[in-house]
Amino acid sequence: YQVFVHLLDAGGNKVAQRDGQPVQWMRPTRSWRPGEEIVDRYGILLPETLGAGEYRLAVGLYDPATGQRLAVSAGPASFAIELGPVRVKE
């Protein structure tokens with residue numbers, strides 16, 4: 001699976017994103033073991049036109065061959081865990 005990180009506006013629209021394999025392509029999910037904790041960090045390049053305000057992050061996994069998202073058991077959506085608020089300043 002690959003990771004997606006989406007920055008969402010108040011209406012739930014995606015305004016920025018970052019995708020990739022976990023831990024900078026060094027820990028593909030097939031190498032994960034039950035109970036193992038994986039620390040994975042992502043930076044998102046924000047568009048210059050993005051206004052100041054509050055946003056949310058949506059994080060999840062998907063199959064890159066099919067685009068099918070992996071279901072999650074937490075969060076308001078069935079395909080991502082939402083984090084936030086994230087405050088963007090001028």
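Student: On what basis are residues numbered and features reported?

Tutor: Residues are numbered from 1 along each chain as its sequence is written, and side-chain values use heavy atoms, with hydrogens and water left out. As this is a predicted model, local features need pLDDT of at least 70 and side-chain atom pairs count only at pLDDT 80 or more, while totals for chains, interfaces and linings use all residues.

Student: In what order do the elements of the chain run from the N terminus?

Tutor: Helices (H or I, at least four residues) and strands (E, at least two) are DSSP runs, numbered from the N terminus. From the N terminus on, their order is β-β-α-β-β.

Student: How many residues of strand 1 are buried?

Tutor: Buried means under 20% relative accessible area, exposed over 50%, and partly exposed in between, with a 1.4 Å probe and protein chains only. In a regular strand the side chains alternate between the two faces of the sheet. From strand 1, Gln-2, Phe-4, His-6 and Leu-8 point one way and Val-3, Val-5 and Leu-7 the other, and all are buried. The count for strand 1 (residues 2–8) is thus seven of seven.

Student: Which residue is the bridge partner of Phe-4 in strand 3?

Tutor: Two strands pair if DSSP finds at least two bridges between them. Strand 1 and strand 3 (residues 53–62) run antiparallel and are joined by seven bridges. In strand 3, the partner of Phe-4 is Gly-60.

Student: Which residue in the turn between strand 1 and strand 2 has a positive phi?

Tutor: Strand 2 (residues 14–20) pairs with strand 1 in the antiparallel sense over six bridges. The two strands form a hairpin with five residues between them. In its turn, a positive phi of about 85° belongs to Gly-12.

Student: How many residues apart in sequence are the parts that Glu-54 and Arg-87 tie together?

Tutor: A salt bridge is a side-chain nitrogen of Lys or Arg within 4 Å of a carboxyl oxygen of Asp or Glu. Glu-54 forms one with Arg-87, their closest N and O atoms being 2.8 Å apart. Because Glu-54 lies in strand 3 and Arg-87 in strand 4 (residues 81–88), the separation in sequence is 33 residues.
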